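Thanks for coming. I will take the cavities and then the sheet, with the cut-offs as we go.

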Amino acid sequence: MWQGPPEKEVCAVRAVSRRLHLWAWRMSVSLSLSLFSSPRLDLTKTSGRDAFPSAGPFSPLEVFPWLIINTIQLFTLLLWPINKQLFRKINCRLSYCVSSQLVMLLEWWSGTECVIHTDPQAYPKYGKENAIVVLNHKFEIDFLCGWSLAERFGVLGGSKVLAKKELAYVPIIGWMWYFTEMVFCTRKWEQDRKTVSKSLLRLRDYPEKYFFLIHCEGTRFTEKKHQISMQVAQAKGLPSLKYHLLPRTKGFAITVRSLRNVVSAVYDCTLNFRNNENPTLLGVLNGKKYHADLYVRRIPLEEVPEEEDECSAWLHKLYQEKDAFQEEYYRTGTFPETPMVPPRRPWTLINWLFWASLLLYPFFRFLTNMISSGSSLTLASFALVFFVASMGVRWMIGVTEIDKGSAYGNIDSKQKRSD
């Protein structure tokens, strides 16, 4: 009858296991502390390039706190019939726990700088009022720059977007957006007319300040999409645009109509990057530093027409002005108005450090337990889970890539060939 391994071997295994546990604890603590001492995350200096490996802080492990937050959000549904405003305030802060980690990557990990060019008299109002933010849609990280703008002025948690419906099914981010009452559209007006309006009207009594971010072009700029868009502009007798696609006016018009007297202004935001930089989300994850310029014009909502046709004409004129601003930027390297740099707030970094400290030690301890167990099946199962999580992260990143964007223009081209 087998009596098990000798006592000496058992003691040796236990000793190794204890040392591995101690190593995991030290590793998790030193990793968290190194974030403060690293040039990459220095609170007073711009970030370095060589303090950490190029993989960045965004790993499959980072998915777990997001899933925890999604689970908490699920339970908050119990509050909706009892106290809707409390439900909103809680989910506003839970949403911040997720979205701020992405902003942390941009602001602290990659150290990307964003200079805001704006009217000094309008600047004090930013973050103290609800606003519709109209942002051009040319770069892979333009949405992240919009989030950074909201974070710098303290309204990231409550901010909303008008997003394509497919994003609602993206794990974690899409689920988070559902609980924070984001507005989704199919980009088919007959379907969106009622659903978008209904979603927007719900925001009239939202208890937190917010930016409502909208890309009126509907999809990211590419040369192919631009060619198709300008053919549509010519057919409709509209002026051509050089640096933008033709804006989709119906979504903007219904947003203005639904949020009038709740939103105080339209912030016309025109984004570009210095030295012809072409920023990507993978570049941000790898710690690459970019240099952004953002021209922000505050336009009181009273200046935006109420009638749909007049509002559409106003938006077309706005995009002609945006085109002129881009032309000036490419010619001079700067936007009009006074350059300002709102200070980075520490909360995005603190939030990331909290979740990292909470999960790193248990993760390393779990990992060392599996290694010390010596079970091939357990290790293979863990490797499979880690691989699937990695692929999930890569897939979510792929959603942002320009060459995997919408099929804008492709359908039109097929129809023209068939005609």
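A cavity here is a set of points, on a 1 Å grid over the protein atoms alone, where a 1.4 Å probe fits but cannot get out, and a lining residue has an atom within 4 Å of a point. Points are joined across faces, edges and corners, and a volume is the space filled by probe spheres set on the points. This is a predicted model, in which local features need pLDDT of at least 70 and side-chain atom pairs count only at pLDDT 80 or more, while totals for chains, interfaces and linings use all residues. Residues are numbered from 1 along each chain as its sequence is written, and side-chain values use heavy atoms, with hydrogens and water left out.

The search of the whole structure gives 4 cavities of 30 Å³ or more. Helices (H or I, at least four residues) and strands (E, at least two) are DSSP runs, numbered from the N terminus. Those giving two or more residues to this lining are α3 (84–109), β3 and α5 (173–179). For classes, Ala, Val, Leu, Ile, Met, Phe, Trp, Tyr, Cys and Pro are nonpolar, Asp, Glu, Lys and Arg are charged, and the others, Gly among them, are polar. On that count the largest cavity is lined by 6 nonpolar, 4 polar and 1 charged residues.

The second largest cavity holds about 50 Å³. Which element gives the most to its lining? That is α4, with 4 residues. Among the lining residues of the second largest cavity are Cys114, Arg152, Leu294 and Pro342. By class there are 6 nonpolar, 1 polar and 1 charged.

Now the sheet. It is open, has 8 strands and mixed pairing, and runs in the order β4-β3-β5-β2-β6-β7-β1-β8; two strands pair if DSSP finds at least two bridges between them. Strand β3, residues 160–164, pairs with β4 in the parallel sense over 3 bridges, and Leu162 stands opposite Val183 in β4.

Last, the helices. Contact means heavy atoms within 4.5 Å. Axes are lines fitted to C-alpha atoms, for helices over the stretch in contact, with angles from 0 to 180 degrees between N-to-C directions. Helix α8 (249–259) touches β2, β5 and β6, and its direction makes about 165° with that of β5. Helix α10 (308–332) lies across β2, β6 and β7, at about 30° to β6.

How values were computed:
1 Å grid on protein atoms, 1.4 Å probe; cavity = no way out; pocket = protein on both sides within 12 Å on 5 of 7 lines; lining within 4 Å.
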